[in-house]
Amino acid sequence: MADVAFWQGNTALAHGALMAGCNFFGGYPITPSTEIAEVMAEELPKRNGHFIQMEDEIAGIASVIGASIAGAKALTATSGPGFSLKQENLGLAYIAEIPIVVVDVMRGGPSTGLPTKAAQQDVMQARWGTHGDHATICYAPSSVQECYDLAIKAFNMAERFRQPVLILSDEVVGHMREKIVMRDPASVRLMDRVKPSVAPEKFTPYEPNPLTGVPPMASFGDGYRWHVTGLTSNDWGFPTGNPPEIEKKMLRLMSKVGRARDEIVEYETEYMDGASVVVVAYGSVGRSAMRAVRDARKKGIAAGFFRPITLWPFPDVELSKMALGAKTIIVPELNCGQMVLEVERVMKGRSKVQGLSLVNGELFKPSEILNKIEEVA
Amino acid sequence: MPGAEVLSWVRARFMPHIWCPGCGHGIIMHAIIRALIALKKEKSQTVLASGIGCSSRMAGYIDACTLHSTHGRSLAFATGIKLHKPELTVVDVMGDGDCTAIGGNHFIHACRRNIDITAIVMNNNIYGMTGGQASPTTPMGAWATTTPYGAVDPAFDICKLAEGAGASYVARTTIANPRQAETFISNGIKKKGFAVIEVLTHCHTQFGRKNDRRLPFDNYTFFKDASVPLAKAQTMTPEELQGKIVCGEFVNRDIPEYTEQYEKLVIEKARG
């Protein structure tokens, strides 16, 4: 019999992380993500893992990066202002290639904004929040089950690509309760970072695997000595000012993810065949949008539904292909228009792209999206 | 000239270092390596964490497991490393701005937790790498590029801060007494708990140049003349102690250490 529970998204996300082998959590309390920390505080010690409530958000992500360098699968979770505070150290994890998972349960902003209300205002921050170029892998769950499943996937991707992976949940998804089916550990495929296969004295810490672009990673205490730095460095982890070495490092950080793009990108669709009005929606809004599309179909409107599950990399090729015949694309978002810019970029004027913003702290009613579909149909 | 064993702990690949000729940081690095050797530490089981600044480059120069992290945050990274692998020896090297300005919160909380990390604070009273701006330990009245009329805010006493925040070992010395630095660092590493060793050093390039200590030697004699052993300081009046640097072990107490407490009070309880 399947192991079934009736959980909040945040609880499911924490249990998904545990299923993925997460054995370290460092964080700081913040609404609406705190339940993730609370579950980890209770569950990790039972499994010989470690939970630590740090002195601030910055320290939360720092402790997680430190633990990962020492070999842990490590998680931190935050929201809004906390996500802003984590950006600098997120950059360190990108450049030093340290696998971690960071959850942002989005709430309204800017600043303290709306701590207990839903929003999707951190979409671009997730992509560009930390300074400097980097490749982003970011998932947006829209159900409690997906919180669980994407947490597993996020850890796998972090380990595979040696970089931070983000989960952009939101207040609605984080706090709503739904049925969830736990995965059977025997059927879950877990990935672990590739360890060096050479002896410690032959170890070149950032020499990438030529096929994947990802360097094997030793853990502190494993017998390998290496240097981790936030400075742009060469294969030895030695800070470099040499233009070819700088360029090589920067381009590799982008290409290690870019070359595997097709294996990362995920999306969900419904009624896309021959759709003349396509609704592109993600996270909690995806739920209202799917209902609106179904209602539109009942009314005889050729509406289609496209839900990016990876916000970054954005499923651009897929959307572009599947929405080719669409007259209009509607992008409902709980922000003033962020992902709509990406959809405009993808469609290159082939379809009319219309944003639909809601920034009053509420979630879209399906009827509000349906009205828009009927208006443009 | 350091001995061969000391040099075996230095990453030749990372040379030349960025420190100015005559900088005191090398004396502290030497003392740290000597302490690690004397304690028979293994390089692969020793972590050196650091933040940002001249002092923080030391992590790259020592051939161990090293982490050159972000400005002020090294203790938070080190906390994650230590909690996940308590068997590792973790040393954190910091500058005065790194430790007491941008990293002040992490510093007091590492003290409060009493996690088994040895923090070595290289206090040269200035931001050297960025060109001589005032730090929280710049003495009142001293010149810095951001205090062109003299520093008006009082300086931190790093040792009192660490003591008040709960560290189990707190000591101060200067680069004019490298043997004492080695002893204190060694005692700090041996101590089960959070240890703070403040080593006063100099930045003759940025601080000394405008504060009458232009040459490395000026700083050396200044430290030598101003240093007072703790035992002697206890017999002196506050007036006599004006301008003096009290050196010695201020705190050496046995209090519960964080990772041990976590193992005992959290994991054992959770596992029933």
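This report describes a predicted model of two chains, A and B, from the overall form of chain A to the contact between the chains and some local backbone features.

**Chain A as a whole**

Chain A contains 13 helices and 16 strands. Its radius of gyration is 21 Å, close to the 21 Å that the globule rule gives for 377 residues, so chain A is as compact as a globular protein of that length. The C-alpha trace of chain A spans about 70 × 45 × 45 Å along its principal axes. Of its 377 residues, 56% count as buried. Among the contacts in chain A with a separation of 6 or more, 76% are between residues 24 or more positions apart.

**The two domains of chain A**

Chain A is divided into domain 1, residues 4-187, and domain 2, residues 268-376. The C-alpha centres of these two domains of chain A are 26 Å apart. Where they meet, 21 residues of domain 1 of chain A are in contact with 19 residues of domain 2 of chain A. On the side of domain 1 that touches domain 2, at least two residues each come from strand 6 (114-118), helix 5 (123-128), strand 7 (138-139), strand 8 (164-170) and helix 7 (171-175) of chain A. Helix 5 of chain A gives the most to this side, with four residues. By class, this side of domain 1 of chain A has 13 nonpolar, five polar and three charged residues.

**The contact between the chains**

The contact between the chains takes 39 residues from chain A and 35 residues from chain B. On the chain B side, strand 2 (65-68), helix 4 (74-84), helix 6 (104-113) and helix 11 (258-270) each supply at least two residues. Helix 4 of chain B gives the most to that side, with eight residues. By class, the side of chain B that touches chain A has 15 nonpolar, 13 polar and seven charged residues.

Strand pairing also links the two chains. Strand 10 of chain A and strand 2 of chain B run parallel and are joined by three bridges. Within this pairing, Thr66(B) in strand 2 of chain B is the bridge partner of His227(A).

**A sheet with strands from both chains**

Nine strands form an open sheet with mixed pairing, in the order 10(A)-2(B)-1(B)-3(B)-4(B)-8(B)-7(B)-10(B)-9(B). Strand 10 (227-229) of chain A and strand 9 (227-229) of chain B are the edge strands, and each pairs on one side only. On average, neighbouring strands of this sheet are turned by 20° against each other, direction ignored.

Inside the sheet, strand 7 (residues 169-174) and strand 8 (residues 195-200) of chain B run parallel and are joined by six bridges. Ala171(B) has Ile197(B), in strand 8 of chain B, as its bridge partner.

Two helices of chain B that pack on the sheet may be described in turn. Helix 2 (residues 25-38) of chain B touches strand 1 (46-50), strand 3 (89-95), strand 4 (118-123) and strand 8 of chain B, and its direction makes about 160° with that of strand 4 of chain B. Helix 7 (residues 158-165) of chain B touches strand 4, strand 7, strand 8 and strand 10 (245-252) of chain B, and its direction makes about 175° with that of strand 7 of chain B.

**Glu198(B)**

Glu198(B) is found in strand 8 of chain B. Is this residue buried or exposed? Glu198(B) counts as buried, because it has 28 C-beta neighbours inside 10 Å and the cut-off for a buried residue is 20 or more. Leaving aside neighbours within four places in sequence, Glu198(B) is in contact with Val121(B), Asn123(B), Ile158(B), Cys159(B) and Arg172(B). One of these, Ile158(B), is 40 residues from Glu198(B) in sequence, with 7.2 Å between their C-alpha atoms.

**Local backbone features**

Most residues other than glycine have a negative phi, and most peptide bonds are trans.

| Site | Feature | Value |
|---|---|---|
| Trp312(A) and Pro313(A) | cis peptide bond | omega about -5° |
| Met15(B) and Pro16(B) | cis peptide bond | omega about 5° |
| Ser111(A) | positive phi | about 55° |
| Asn125(B) | positive phi | near 65° |

Pro313(A) lies in the loop between strand 14 (310-312) and helix 11 (316-322) of chain A. Pro16(B) lies in the loop between helix 1 (4-7) and helix 2 of chain B. Ser111(A) is in the loop between strand 5 (100-108) and strand 6 of chain A, and with 8 C-beta neighbours inside 10 Å it counts as exposed. Asn125(B) is in the loop between strand 4 and strand 5 (126-127) of chain B, and it is buried, with 25 other C-beta atoms within 10 Å.

Technical notes:
Residues numbered from 1 in each chain as written. Chains lettered and ligands numbered in written order. Predicted model: local features only at pLDDT ≥ 70, side-chain atom pairs only at ≥ 80, totals over all residues. Domains from an automatic or database assignment. Contact = placed C-beta atoms within 7 Å. Nonpolar A, V, L, I, M, F, W, Y, C, P; charged D, E, K, R; others polar. Rg over C-alpha atoms; globule rule 2.2 N^0.38 Å. Buried ≥ 20, exposed ≤ 12 C-beta atoms within 10 Å, placed from the backbone. Pairing = 2+ DSSP bridges. Axes fitted to C-alpha atoms, helices over the stretch in contact; angles between N-to-C directions.
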